[in-house]
Amino acid sequence: MSANSRAGNGGLHHTHVADAGRADEATERYRFLFEQSRDIIIFLDLSGRIVDANQAAVAAYGYSLPELLSKTIRDLRPPETVPSVDAQMRRADFIGGLLETIHRRKNGTTVPVEGNSQGAPTGGRWLRPSILRGIARRQRRESGVPPEG
């Protein structure tokens with residue numbers, strides 16, 4: 001018999017409260033990581049709709065958060081890359097991994113990005129958290145083009 005069981009309901013309640021406190025602390029840490037990350041973090045639902053995005057995404061794409069939350073991943077892609085989106089989302093759902101593609105900002109300019117995505121059931125629904133970063137500098141360096149500026 002555990003110490004909590006011997007202690008009666010008071011001990012069980014105390015353990016539950018402590019677990020809830022740790023869960024709240026973990027939630028705060030993950031929220032901090034989400035908001036403070038320099039990488040773009042977006043969460044997509046099964047259809048590709050953006051259900052959450054961090055401040056790095058807002059800054060990178062030029063949309064307000066409410067505007068981003070009204071978009072799908074297809075809206076952030078140039079038209080020529082949209083046909084590959086469904087296959088890429090299926091891949092993220094089953095095996096995850098890295099992907100290089102092109103994203104489009106609100107002003108119409110494009111940026112090459114590298115993304116890491118893995119779909120999973122979360123909170124009773126399927127979500128695809130995607131962590132993205134611009135790779136234009138890396139591509140210029142790899143191709144021998146001098147840095148801008």
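The legends below describe views of a predicted model of one chain.

**View 1. The whole chain of the predicted model.**
The chain has 149 residues, and 30% of them count as buried. Its secondary structure consists of 6 helices and 6 strands. Read from the N terminus, the order of elements is α-α-β-β-α-α-α-β-β-β-β-α. Among contacts with a separation of 6 or more, 39% are between residues 24 or more positions apart.

**View 2. The hairpin of strands S1 and S2.**
Strand S1 covers residues 40-44, and strand S2 covers residues 50-53. The two strands pair in the antiparallel sense, over 3 bridges. Phe 43 has Asp 52 of S2 as its bridge partner. Between the strands lie 5 residues. In this turn, Gly 48 has a positive phi of about 95 degrees.

**View 3. The largest pocket and the elements around it.**
The volume of the largest pocket is about 270 Å³. H5 gives the most, with 5 residues.

**View 4. Lining residues of the largest pocket.**
The lining comprises 20 residues. By class, these are 8 nonpolar, 9 polar and 3 charged. Nearest the centre of the pocket lie Gln 88, Ala 92, Leu 99, Ser 117 and Ser 130.

Technical notes
Residues are numbered from 1 along each chain as its sequence is written. This is a predicted model: local features need pLDDT of at least 70, side-chain atom pairs count only at pLDDT 80 or more; totals for chains, interfaces and linings use all residues. Side-chain values use heavy atoms; hydrogens and water are left out. On a 1 Å grid over the protein atoms alone, a cavity is a set of points where a 1.4 Å probe fits but cannot get out, and a pocket is an open set with protein on both sides within 12 Å along at least five of seven lines; lining residues have an atom within 4 Å of a point. Grid points are joined across faces, edges and corners, and a volume is the space filled by probe spheres set on the points. Helices (H or I, at least four residues) and strands (E, at least two) are DSSP runs, numbered from the N terminus. Ala, Val, Leu, Ile, Met, Phe, Trp, Tyr, Cys and Pro count as nonpolar, Asp, Glu, Lys and Arg as charged, and the others, Gly among them, as polar. Two strands pair if DSSP finds at least two bridges between them. Buried means under 20% relative accessible area, exposed over 50%, partly exposed in between (1.4 Å probe, protein chains only). Contact means heavy atoms within 4.5 Å.
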